[in-house]
Amino acid sequence: KQWYQRRVRGLFKSPNKRFYTNTSYTSQMVKVSIPPFNLFRWIETHKDRLKPPVGAELVFEEGEFIIMVVGGPNRRSDYHINMTNEFFYQLKGDMILKIDEDGELKDLPIKEGEVFLLPVCLPHSPQRFPDTIGLVIEHKRAQEQIDRLRWYVILFIDLFELLFYLLIYFLPTIGFFLCFTPLS
């Protein structure tokens with residue numbers, strides 16, 4: 001018999017014996033909800049939405065993935081921690097993906113035409129330049145998968161000294177306390 005005629009516990013086994021197809025799904029009717037389209041034409045149509053402050057537009061929300069196009073410029077100070085992989089495809093221009101790899105902050109350039117698959121739970125901060133466009137694909141999160149944000153603060157003086165300086169010296173000079181004086 002042919003390989004596709006053999007059943008193994010309700011599954012068809014492929015010739016390389018690594019991939020399986022569940023036969024219960026093959027009898028269901030599946031239809032295409034969105035026909036193929038030209039992505040670059042779509043980007044041209046939505047280019048006004050690919051600018052700051054948000055700079056991102058969903059292409060698809062159906063299925064297991066979030067597929068979006070992201071435009072520049074943007075400067076993020078936060079590092080995003082995804083509980084899933086994140087796929088980057090730089091369509092136009094170059095970008096820098098700042099990452100925290102084992103406590104070491106690194107800049108990872110992604111040039112036009114390049115792709116990158118970000119590992120799960122790697123803190124990252126995409127930095128996009130003006131007139132750049134990228135395609136980003138993420139898995140939709142399960143309810144128990146909560147994304148996190150992280151900020152790195154580098155201070156050369158103690159935080160309490162900074163607050164003390166602001167309260168005592170700087171804020172009174174700009175009239176900050178005028179809003180707390182009683183009106184008579």
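These are my notebook entries on what I looked up in this predicted model.

**Ground rules.** I number residues from 1 along each chain as its sequence is written, and my side-chain values use heavy atoms, with hydrogens and water left out. Since the model is predicted, local features need pLDDT of at least 70 and side-chain atom pairs count only at pLDDT 80 or more, while totals for chains, interfaces and linings use all residues.

**Overview.** I noted three helices and 13 strands in the protein chain, taking helices (H or I, at least four residues) and strands (E, at least two) as DSSP runs numbered from the N terminus. Of its 184 residues, 26% count as buried, where buried means under 20% relative accessible area, exposed over 50%, and partly exposed in between (1.4 Å probe, protein chains only). With a contact taken as heavy atoms within 4.5 Å, I found that 64% of the contacts between residues at least 6 apart in sequence join residues at least 24 apart.

**Aromatic rings.** I next looked for rings of Phe, Tyr and Trp (its six-membered ring) with centres within 6.5 Å, calling planes under 30 degrees apart stacked, over 60 edge-to-face and the rest tilted. The count came to one aromatic pair. Phe37 is partly exposed at 36% relative accessibility, and Phe60 is partly exposed at 25%.

**Salt bridges.** Another joins Arg141 and Asp147 at 2.7 Å, N to O, and salt bridges with shared partners bring Glu138, Arg141 and Asp147 into one network.

**Surface patch.** Last, I looked at Leu149, Trp151 and Val153, which make a nonpolar surface patch of about 350 Å². Patches are made of residues with over 30% relative accessible area and no salt bridge, like charges being joined within 9 Å and nonpolar side chains (Val, Leu, Ile, Met, Phe, Trp, Tyr) within 5 Å. Leu149 lies in strand 13 (residues 148-151) and is partly exposed at 46% relative accessibility.

Conventions:
Accessible areas come from the Shrake-Rupley method with a 1.4 Å probe; for residues, only the protein chains shown count as cover. A salt bridge is a side-chain nitrogen of Lys or Arg within 4 Å of a carboxyl oxygen of Asp or Glu.
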